[in-house]
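Work through the exercises below with the sequence and the model at hand. Each task is followed by a solution in steps.

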Amino acid sequence: MAQRGRPRAFDRDAALTSAMHLFWEHGFESTSLSQLKAAMGSGISAPSFYAAFESKEALYKEALDRYMEIYGHLTRSLHDPSLEPREAVFLALKRSAKMQWEGGHPKGCMVALGVMGACSSGSETITAMLRDVRSRTRAGFRACVERAIKSGELRKSTNPASMAAAFDSFFLGLSVLARDRVRLAVIEESVVEAMGIWDAALDRPDRSG
């Protein structure tokens, strides 16, 4: 009589990574429990799922934390005072653009795309999580602009909030370009073009007359 093999142990860490990819690809609301269970493998039951992660919402929070652990460093330059402000902005955009386009994971940014996948009245907690991450990134852009104004690199008339919003809007839009499979070379060149927003506000001496 053939012996039955031992059931494969549930790998919580691998399951979390699978969940992160699903949420990244489809968003919170469009990712079903059946999809999550199937991606986790091992024939995990609903009770086992809830025992491991408590709820779909709690799992999303863990998945978002995992995403930030792996990819959060890409925008860390925005908060690095040792870098020149312009370089900090350029590096954040360039590094993020490359990550969002490359393989091995869904295209785009989980945080940027997440706003479209958690828009119902029952997803306020998820929306708040994502808003908090996006707010920190926008604050990083603003901090760079303010440093440049203070140092005299940018004109004193520059509006930090509006310039930060302009860069943040471009940053969020990178996800759409990546999802549309726009070539990386084109996306990287668009980052160079976007820095024209910064260069247009440089405090250059008036050479007219």
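**Exercise 1.** In which loop does Arg-181 lie?

Solution. Arg-181 is in the loop between α8 and α9 (184-194); helices here are DSSP runs of H or I with at least four residues, numbered from the N terminus. Before going on, note that this is a predicted model, in which local features need pLDDT of at least 70 and side-chain atom pairs count only at pLDDT 80 or more, while totals for chains, interfaces and linings use all residues. Residues are numbered from 1 along each chain as its sequence is written, and side-chain values use heavy atoms, with hydrogens and water left out.

**Exercise 2.** Describe the backbone and the exposure of Arg-181 and Glu-54.

Solution. Step one is the general rule: most residues other than glycine have a negative phi. Step two is the backbone: Arg-181 has a positive phi of about 60°, and Glu-54 has a positive phi of about 75°. Neither residue is a glycine. Step three is the place of Glu-54, which is in the loop between α3 (46-53) and α4. Step four is exposure (buried is under 20% relative accessible area, exposed over 50%, partly exposed in between, with a 1.4 Å probe and protein chains only). Arg-181 has a relative accessible area of 55%, so Arg-181 is exposed. Glu-54, at 66%, is therefore exposed.

**Exercise 3.** Determine how α1 (residues 12-26) and α4 are arranged.

Solution. Two packed helices are described by the angle between their axes and the distance between the axes. Here the axes come within 9 Å and cross at roughly 90°; axes are lines fitted to C-alpha atoms over the stretch in contact, and angles run from 0 to 180 degrees between N-to-C directions. Angles of 65 to 115 degrees count as roughly perpendicular, under 35 as roughly parallel, over 145 as roughly antiparallel and the rest as oblique. The two helices α1 and α4 are therefore roughly perpendicular to each other. Next come the contacts (heavy atoms within 4.5 Å): residues of α1 including Leu-16, Met-20 and Phe-23 meet residues of α4, among them Leu-59, Ala-63 and Tyr-67.
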